[in-house]
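Here is a short briefing to read alongside the sequence and the 3D view. It begins with one residue and its contacts, then moves on to a few other spots and the overall layout.

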Amino acid sequence: MKSMAKKQPMKEEKIACPKCDWEPDGGEYWGCSTCGHTWDTFQTAARCPSCGTQYRHTQCIPHAGGCSQSSPHIDWYRHLDEWLREEIESIVIVAEPAKV
Ligand SMILES: [Zn+2]
Ligand SMILES: [Zn+2]
């Protein structure tokens with residue numbers, strides 16, 4: 001029996017709410033309080049693609065099945081590779097919301 005080993009071993013980073021385990025489904029649930037843009041915050045590591053505001057916390061989305069609690073963005077990433085975690089943390093630390 002041939003097994004096509006095309007798939008990587010399950011090591012993908014999972015994204016889920018640290019409080020209730022809700023997993024974002026790719027919807028644009030997050031609204032920027034600075035410019036009003038809505039987007040999928042996990043596409044951009046919690047940075048508004050419209051005005052560049054960096055968010056440290058990400059709220060869970062109750063109307064999509066979540067719990068409405070807010071957690072540090074970094075805590076949403078599970079099984080994060082060490083380098084990737086450092087990468088994201090450095091982004092989050094450097095990119096304070098900046099009023100230019
Ligand atoms: Zn914005
Ligand atoms: Zn939640």
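In this predicted model, C67 touches C17, K19, C20, W22, C60 and P62, leaving aside residues up to four places away in sequence. You will find C67 in the loop between β4 (57-59) and β5 (70-72).

**C67 and its surroundings**
- C67 counts as partly exposed because 16 other C-beta atoms lie within 10 Å, a number in between the limits of 12 or fewer for exposed and 20 or more for buried.
- K19, one of the residues that C67 touches, is 48 residues away from C67 along the chain, yet the C-alpha atoms of the two are separated by 7.6 Å.

**Two residues with positive phi**
- As background, most residues other than glycine have a negative phi.
- S68 is not a glycine, but its phi is positive, at about 75°.
- S68 sits in the loop between β4 and β5, and C67 is in the loop between β4 and β5 as well.
- With 13 C-beta neighbours inside 10 Å, S68 is classed as partly exposed.
- D21 also has a positive phi, about 75°, although D21 is not a glycine.
- To find D21, look in the loop between β1 (14-15) and β2 (30-31).
- Is D21 buried or exposed? D21 is exposed, because 12 other C-beta atoms lie within 10 Å and the exposed class covers 12 or fewer.

- Q54 belongs to the loop between β3 (38-39) and β4.
- Q54 is partly exposed, with 18 other C-beta atoms within 10 Å; a buried residue would need 20 or more.
- Between Q54 and I91 there are 37 residues of sequence separation, while the C-alpha to C-alpha distance is 8.9 Å.

**The chain as a whole**
- The secondary structure consists of six strands and one helix.
- How much of the chain is buried? Of the 100 residues in the chain, 14% are buried.
- Among contacts in the chain with a separation of 6 or more, 45% are between residues 24 or more positions apart.

Definitions and conventions. Residues numbered from 1 in each chain as written. Chains lettered and ligands numbered in written order. Predicted model: local features only at pLDDT ≥ 70, side-chain atom pairs only at ≥ 80, totals over all residues. Helix = DSSP H or I, 4+ residues; strand = E, 2+ residues; numbered from the N terminus. Contact = placed C-beta atoms within 7 Å.
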